[in-house]
Amino acid sequence: MDNLISQALNKAHMGIMIVDRHLKIVVWNAWLERFTGKNVEEVVGLNLLEVCPRFKSNMYLNILQNALYHGQSRFCSSALHKAFILPNEGEDEQLFRQNMHVEPLYHEDRSYALIQITDMTNTNTRVYKLKNLIKELETEYAKIKISEKISKHLSLHDPLTGLPNRLAYNDRLAWAISNAQRNHNKLAVMFVDADGFKQVNDTYGHHVGDQVLLEMAKRLSETIPSADTVARLGGDEFIILSHLKDDYEAEVIAKRLEAAFSTHFKIAGNYINLSMSIGISLFPKHGQEPSELLRHADGAMYKIKKNGKNGYGIYEPENV
């Protein structure tokens, strides 16, 4: 039976040693021989602290004492402890990871401590690599989310002014009409076109023209109520979606816009005067569909252009 037990100990895929109350090694299996290069004949009978200096630590001495004198078991994880046994004295302990189980044993009224060492180096290396991979995936996922967010923003906004573009405006108008139909609210679509903007570009260049467009976007955004939307359709064309208390409020907003553009723009040392032509259509009075309201607002705006520019007009079927 002793031979059978000895064979089993030497076949185990872990280090197994047994120490007595004096910490003298009484069992040292083949795994430990292979790992340390110290054979059983030279180790058995020696003090554990001579063979494995890690156990000189008070923490591990206490663990052994508790097993030998108080019958207490203890597990030490490789995640929290340095390697307990090294192949050679002075070996880099960071290269090895080991779990340790300490169990009390009893034989003929004597107590012993069973020390089991499990090599976790490969497992920890795989876990470390997996953690790095997860971290890389999380970083990549965050980049993709940011990229998608930027892409979505660019697809719905004008790159020069940052205002919503035609696509975003159409979506908001369709949603606003749907909501207004349910709640019996009123809306205004205001088509805003700068008068003489082409001459600004021809006279001062497109760089100044772009600065004027930015200032126009700023003045429009600051003039309309915060719940309303101003979008840039392209060139010097802007469009506003206003939520109204009544139809008259559209004229109040149009007059505010006229006042906002009554003062000149100062761009790159140039004083530039620019008026607005504004065409207005009202929901539900002038249509129920987005395309219908946009067409009528556009028609009202061209009516103002045709009659001398610099003003606003509300759609009237007979006038378009």
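This is a predicted model: local features need pLDDT of at least 70, side-chain atom pairs count only at pLDDT 80 or more; totals for chains, interfaces and linings use all residues.
A residue counts as buried when its relative accessible area is under 20%. Gln116 is therefore buried, as its relative accessible area is 19%.

**A residue in strand S5**

Gln116 sits in strand S5, which covers residues 110-119. What does Gln116 touch, not counting residues up to four places away in sequence? Its partners are Met14, Gly15, Asn99, Met100, His101 and Glu103.

Let us turn to the nonpolar residues. The largest nonpolar core has 32 residues. Within it, Met190, Val212, Met216 and Leu274 are those with the most contacts. Several elements give two or more residues to this core: the strands S6 (186-194), S8 (237-244), S9 (265-267) and S11 (276-283), together with the helices H8, H9 and H10 (248-260). Which of them gives the most? That is H9, with 6 residues.

Apart from this core lies another one, of 28 residues, with Met17, Leu32, Leu68 and Ala113 among them.

Met190 deserves a look of its own. Leaving aside neighbours within four places in sequence, Met190 is in contact with Phe238, Ile239, Ile240, Ser242, Ala250, Ile253, Ala254, Leu257, Ile278, Gly279 and Ile280.

**Helices H8 and H9**

Two packed helices are described by the angle between their axes and the distance between the axes. For helix H8 (residues 197-204) and helix H9 (residues 206-223), the axes come within 7 Å and cross at roughly 140°. The two helices are therefore oblique to each other. On the H8 side, the contact is made by Phe197, Val200, Asn201 and Tyr204. On the H9 side, His206, Val208, Gly209, Val212 and Leu213 take part. By class, this contact of H8 with H9 has 6 nonpolar and 3 polar residues, with no charged residues.

**Two glycines**

Gly279 lies in strand S11, while Gly235 is found in the loop between strand S7 (229-234) and S8. Is Gly235 buried or partly exposed? At 39% relative accessibility, Gly235 counts as partly exposed. Gly279, by contrast, is buried, with a relative accessible area of 0%. Gly279 touches Val189, Met190, Phe191, Ala297, Ala300, Met301 and Gly313, not counting residues up to four places away in sequence.

| C-alpha pair | Residues apart along the chain | Separation |
|---|---|---|
| Gly235 and Leu213 | 22 residues | 8.4 Å |
| Gly279 and Ile25 | 254 residues | 98 Å |

**Cysteines**

A disulfide is a covalent bond between the sulfur atoms of two cysteines. How many disulfides are counted in this model? The count comes to 0. Cys52 is buried, with a relative accessible area of 2%, and Cys76 counts as buried at 0% relative accessibility.

Conventions:
Residues are numbered from 1 along each chain as its sequence is written. Side-chain values use heavy atoms; hydrogens and water are left out. Axes are lines fitted to C-alpha atoms, for helices over the stretch in contact, and angles run from 0 to 180 degrees between N-to-C directions. Helices (H or I, at least four residues) and strands (E, at least two) are DSSP runs, numbered from the N terminus. Angles under 35 degrees count as roughly parallel, over 145 as roughly antiparallel, 65 to 115 as roughly perpendicular and the rest as oblique. Contact means heavy atoms within 4.5 Å. Ala, Val, Leu, Ile, Met, Phe, Trp, Tyr, Cys and Pro count as nonpolar, Asp, Glu, Lys and Arg as charged, and the others, Gly among them, as polar. A nonpolar core is a set of buried Ala, Val, Leu, Ile, Met, Phe, Trp, Tyr and Cys residues joined through side-chain atoms within 4.5 Å. Buried means under 20% relative accessible area, exposed over 50%, partly exposed in between (1.4 Å probe, protein chains only). A disulfide is a pair of cysteine sulfur atoms within 2.5 Å.
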